[in-house]
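Hi,

Here is the structure I said I would pass on. Have a look at it first, and then read my notes below.

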Amino acid sequence: MKSLTIDNRIVSFENERNLLEVIKKTNIELLTFCYHSELSIYGACRLCIVEIDGRGIQTACTTKPEEGMVVHTNTKTLRNIRRTTVELLLSSYNHNCTTCQKNTKCRLQSIAKNLGITNVRFKKSSAIPKPIDLSSYAIQRNPNKCILCGDCVRACNEIQGIGAIDFAYRGANSQVIPAFGNNIASVDCVDCGQCSRVCPTGAIIPRSEIGGVWKELDNPNKVVVAHFAPSVRVAIGEEFGMPSGSIVPGQIVSALRMLGFDKVFDTSFTADLTIVEEANEFIKRKEEGGVFPMFTSCCPAWVKFTEQHYPELHQNLSSCRSPQAMFGSISKKYLPEMLKIDPKNLVVVSIMPCTAKKMEARREEFKTDGMQDNDYVLTTQEFATMIKQCGIQFNTLQPDSFDPPFGHKTGAGVIFGNSGGVTEAALRYIVEKVENKPLERIEFAEVRGEAGIRAASLTIAGEPVKIAVIHGLRNARQVIERIKSGEIHYDFIEVMSCPGGCIGGAGQPVYFKPETRKNRAAGLYNADKMLQQHKSQDNQYIKDLYKDHIGEIGGEEAHKVLHTHFHNRKRIFHEGVSIIDTNTAKLTVSICVGTNCFVNGAQDIMKQMLNYVTEHSLENIVDVKANFCMENCDHGPSVSIGTEVITKANAKKVISELEAQLEQITEMA
Amino acid sequence: MNNTMNIDTLTQIADKYKSQMTKITRRVTICGGTGCIANGSQNVYDELVKQLALTNIDAVVDLKFEDNKDHTYVMHSGCQGFCQMGPLVTIEPDNIQYVKVKPADVSEIVLKTLAGNSIVERLLYHDPVTGQKFNGTKDIPFYARQNRTVLKNIGHIDPADIKAYIGQKGYFSAYNAWTNMTDEDICNDMITSGLRGRGGGGFPTGRKWNLTRIEKNEKKYIICNADEGDPGAFMDRSILEGNPHSVVEGMMIAARAIGANEGYIYVRTEYPLACKRIKQAINDAKNIGILGDDVFGTSNGFKITVMEGAGAFVCGEETALIASIEGKRGMPRPKPPFPAQAGLFGKPTCINNVETLSAVPLIFQNGPTWFKAIGTEKSAGTKTFAVTGNVANTGLIEVPFGTTLREIVENIGGGVLTEDGKVDMDAFKAAQIGGPSGGCLTKEHLDMPLDYETLTAMGAMVGSGGLVVMNDQTCIVQIARFFMRFTQNESCGKCTICREGTKQMLALLDDIIEGNATLQTIDLLEELAHSVKIGSLCGLGKTAPNPVLATLKYFRTEYDEHVINKRCPTKRCKALTSAEILADKCKGCRVCIKVCPEGAITGELKKPHTINKALCIKCGACAQACKFNAITGVA
């Protein structure tokens with residue numbers, strides 16, 4: 001084993017990612033803004049600087065540990081630079097801590113406190129405050145609090161592969177903004193909120209709906225019901241000093257009652273319902289030769305991602321609504337009658353680990369007569385804030401029990417919060433149903449785990465079934481591309497956008513340690529064990545719901561209440577401009593004239609194509625179109641002829657493809 | 001593809017050029033550098049060609065003639081260096097250089113010189129101090145005292161003609177390197193030559209090549225860093241404009257040495273002429289089979305792509321430059337890994353500056369020991385400088401390392417220009433060397449030999465070679481602020497201490513200039529400067545405080561004067577000035593009263609006037625108008 005010296009102590013190391021991780025082993029935690037174990041190393045905040053003999057001042061995060069290295073973490077120079085750096089940040093940005101939503105959870109605040117900074121020697125920025133971006137339902141961006149650590153940029157790129165925000169401008173004018181300074185709602189953002197999860201300050205935070213919820217609770221005419229997602233119960237305790245992974249559904253129920261909610265239900269109930277519908281959809285597809293792979297559709301960020309990037313996959317997505325959407329739908333439809341109340345007075349509040357659920361609740365498909373089925377969506381964080389507002393000592397509350405009928409769930413509905421949980425819950429249903437005998441084992445360890453892409457092969461009733469479990473949209477894109485290229489095949493794919501699934505959602509309490517997520521995951525699997533039932537199909541209240549209200553699984557009413565459809569949200573999908581357009585055309589040539597293709601010679605291709613068509617008198621056979629961005633800018637110019645897409649095109653390539661296709665047409669004729 | 005250059009063809013091209021040049025009895029070279037073009041040299045060229053056509057002089061504008069007659073050759077060159085005096089027209093072999101030539105002067109040049117073999121005296125260069133006339137580049141001190149090696153062909157050959165380059169032994173070194181030398185030999189020769197990077201760092205080029213050479217990877221890249229961004233520097237631009245093939249050949253030799261088959265030239269798009277010339281050079285080299293899939297019959301290929309950058313200073317930093325070529329935002333990343341290990345697209349990459357690469361063919365033509373013998377022991381060879389500021393002769397120069405600052409400013413530069421346009425070496429205050437990353441040198445450094453080590457020891461750096469001369473009417477705090485503003489605007493914004501630190505340093509300098517500072521301001525400025533210098537991620541941040549630190553080191557009293565007595569010794573800082581009329585000098589002529597835009601001056605005719613300081617806006621109009629130098633305190 002290799003060793004090095006840190007502050008006169010010899011420390012051994014093996015495969016630590018960097019010096020920072022080795023230093024951690026000596027019970028010293030260097031504070032940083034830009035280091036996240038799950039993101040790439042950036043080296044920008046300059047707070048983890050150390051002095052290395054012979055190499056001067058280096059950032060520990062970017063330095064590989066080496067045998068015999070002599071490292072100092074606490075020298076006068078280092079203290080001065082760290083102090084200066086933080087003072088510089090404090091001078092530049094808005095830090096009205098007491099009124100900030102990130103108050104007491106802000107890294108800038110805690111680092112300034114830890115470094116003992118009591119005054120700032122530099123001039124406070126006199127820049128005119130920039131407007132706060134409130135365009136998204138999921139997150140709000142306050143650029144005045146951004147310290148440009150780049151964590152959000154990397155999270156969006158590296159976890160989700162989206163890049164909705166990036167750096168712009170130089171020097172002191174640098175900013176993190178959506179493309180061209182547009183608001184966040186008008187770019188590719190999928191509302192996952194991972195940017196807000198990693199943001200060390202209050203620059204990106206989940207949008208709050210607390211005010212609206214209080215208004216409803218204060219209104220004596222309203223019947224306000226709450227339902228909360230599986231992963232909320234293993235995370236909220238962290239807000240009240242409990243260890244991460246503490247399983248506290250009963251305390252949540254108590255707190256909700258104390259806050260004035262009339263009924264407390266469990267989203268896990270509709271998770272069970274989702275499994276019944278979704279597993280049946282899978283079985284039906286198998287029986288009837290439907291489209292595969294079948295993707296899960298519980299995660300709203302994932303759904304939005306497919307709508308924006310892969311609308312062609314919509315038939316592959318399960319048409320089932322998410323548990324939240326199902327809950328809203330059945331509540332609004334059946335609860336007024338069950339509770340004997342006026343439907344107008346029913347308010348449904350959903351408590352989620354997720355920011356994207358706020359967007360999901362506002363989707364037109366999930367409204368009834370123009371009203372949202374879920375009237376409000378609170379994140380775990382907001383819910384904790386409400387509890388704190390009332391001074392409720394959450395950690396000492398006595399557990400209480402859920403209200404029937406939507407408060408009863410099985411363990412299958414609880415493990416939904418973990419990546420792999422939906423798959424496991426579905427398997428508990430599918431295997432029993434297809435093999436038509438009681439399930440021998442409940443746990444499907446093969447779909448559990450932490451890796452971002454996990455694959456499993458099962459044999460169900462003698463048939464091989466290939467399964468993939470993915471978290472992170474960047475991973476999802478990678479798998480989709482491999483599927484599209486024919487390289488791999490799966491029957492069933494679960495996709496969750498956030499790391500680890502919903503337990504790692506952006507609405508959850510802010511956490512910095514990787515163990516936190518592991519503990520939450522373990523908490524959910526333990527919660528499953530603690531319940532009496534583990535299979536959605538065993539939930540008597542679900543059975544009753546079908547018997548009394550929905551009727552047949554996957555039937556007409558089920559389709560109306562529990563299923564949905566998707567939209568094409570590709571930003572550029574219109575037809576382009578016709579240059580040659582006849583009714584008789586047998587072939588259409590679309591030439592992309594978007595900026596990048598144009599710069600790379602699309603104009604020349606267009607010119608030569610038009611010449612070719614007129615010279616060969618093909619005007620009645622070939623239509624020519626100018627298209628605006630085929631979203632293939634890396635490989636431009638792009639030209640499509642019939643169904644064939646030519647990338648890195650030039651006139652010669654395009655014309656020879658056209659000739660080949662024309663020949664085929666003549667042969668066929 | 002059978003388009004491969006071989007030694008016979010190369011020799012044929014060279015021989016043909018040489019034999020054609022023997023038929024050129026007289027060569028008229030009109031400078032086509034950016035400065036001269038901006039001053040109208042293209043019009044001079046057009047006029048000359050037009051007028052020559054009307055005479056019986058057998059003038060040609062290219063070397064396409066096949067006859068055996070004698071010709072006068074009219075051609076464009078790259079930057080001839082003496083930018084202050086442009087447009088330049090050089091006539092050889094007569095050793096004539098006409099300066100500040102206008103189209104209207106052309107007829108006289110044609111009549112007297114080209115037809116009549118006499119000199120147009122009024123167009124010659126006159127020494128601004130002595131008034132002495134000089135005929136041509138052989139005796140004009142600006143040229144005579146230089147040692148032009150890298151710049152030698154610039155101004156002599158047509159940069160747009162590959163044959164002219166080949167005619168000057170061009171591409172023979174590349175041929176030799178590709179066909180007769182091992183990669184190791186090439187690196188060893190480079191190490192022997194002592195060439196160090198001309199872009200700023202001064203890392204030995206041979207060692208850099210060797211570090212890339214020893215990396216095992218099928219794909220490697222050579223990048224030419226042409227992202228010259230220092231204010232006042234134009235060495236690399238001039239080389240690309242004036243002798244682009246030397247850069248292509250340098251890259252070929254480097255590619256052979258490190259085992260690269262692909263090269264990039266990263267040049268800023270705001271250098272349109274340089275972009276055009278280098279692209280043409282690459283195309284020409286490709287068309288005659290020098291670049292391609294089978295270089296010199298070795299069955300190894302080499303191609304070069306020109307990448308136009310958007311003109312961000314930080315992209316001169318290696319890792320930011322690589323990011324920019326990769327299509328990412330130009331932001332540096334921490335090193336290691338160094339580009340030699342993981343550079344462009346993750347492959348081993350060697351990045352050299354334009355001037356470095358253009359010196360390479362010369363080293364292989366003349367031998368590494370020839371190069372090593374020029375300059376000083378640790379800093380071999382010559383260095384180009386773009387001399388600007390308060391100096392009589394601004395322009396592009398090249399001197400061996402070890403040359404003194406005095407030689408450059410006084411003898412080559414012609415001395416320091418005072419505020420009233422006179423030349424006076426005593427007015428020398430400082431010279432900023434190395435651009436915004438460098439520092440200033442003062443009178444006490446005038447006789448020190450300039451090389452990498454001495455400059456670093458003095459708190460400056462060679463940098464890419466910008467040299468701004470300042471006279472005694474320059475406020476040093478304002479100079480520091482000028483460069484700080486530049487680096488602040490150009491900081492990529494990635495690392496906190498550079499982005500925010502430069503901003504606050506700028507604010508502190510503003511405070512000093514605005515009269516809002518105390519001695520603590522200077523202390524804070526100095527402390528912050530040290531923190532930014534050692535705490536920043538990349539070279540930009542690490543060197544950004546240099547102008548502040550150097551000026552604080554040499555001109556502390558001037559800073560102190562600003563904050564203690566609230567006085568700017570050069571009267572450049574308006575907030576610290578206050579206009580005053582000297583009663584003993586004022587004749588009471590009322591001129592100042594008339595020009596004052598604020599009505600701040602009152603007084604009766606023939607009696608000393610007074611200024612109401614509350615109304616005065618310190619515009620200086622009164623001082624300018626006063627014929628008796630009776631108004632002080634405003635510049």
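At what angle do the axes of helix 20 and helix 23 of chain B cross, and within what distance do they come? Bear in mind that this is a predicted model. Helix 20 of chain B covers residues 519–535 and helix 23 of chain B covers residues 556–564. Their axes come within 8 Å and cross at roughly 140°. Because angles over 145 degrees would count as roughly antiparallel, helix 20 of chain B is oblique to helix 23 of chain B.

On the helix 20 side, the contact is made by B:L519, B:T521 and B:I522. Helix 23 of chain B brings B:Y559, B:V563 and B:I564 to it. By class, the residues of this contact are 5 nonpolar and 1 polar, with no charged ones.

Next, the contact between the chains. Chain A puts in 26 residues and chain B puts in 25 residues. On the chain B side, helix 18 (476–490), helix 19 (496–514) and helix 20 each supply at least two residues. Helix 19 of chain B gives the most, with 8 residues. The side of chain B that touches chain A has 10 nonpolar, 9 polar and 6 charged residues.

As for the overall layout, chain B is divided into domain 1 (8–144), domain 2 (162–373), domain 3 (382–474), domain 4 (477–564) and domain 5 (577–632). If you want a distance to go with that, the C-alpha centres of domain 3 and domain 5 of chain B lie 37 Å apart.

Cheers

Methods. Residues are numbered from 1 along each chain as its sequence is written. Chains are lettered from A and ligands numbered from 1 in the order in which they are written. This is a predicted model: local features need pLDDT of at least 70, side-chain atom pairs count only at pLDDT 80 or more; totals for chains, interfaces and linings use all residues. Domain bounds come from an automatic or database domain assignment. Axes are lines fitted to C-alpha atoms, for helices over the stretch in contact, and angles run from 0 to 180 degrees between N-to-C directions. Helices (H or I, at least four residues) and strands (E, at least two) are DSSP runs, numbered from the N terminus. Angles under 35 degrees count as roughly parallel, over 145 as roughly antiparallel, 65 to 115 as roughly perpendicular and the rest as oblique. Two residues are in contact if their C-beta atoms, placed from the backbone, lie within 7 Å. Ala, Val, Leu, Ile, Met, Phe, Trp, Tyr, Cys and Pro count as nonpolar, Asp, Glu, Lys and Arg as charged, and the others, Gly among them, as polar.
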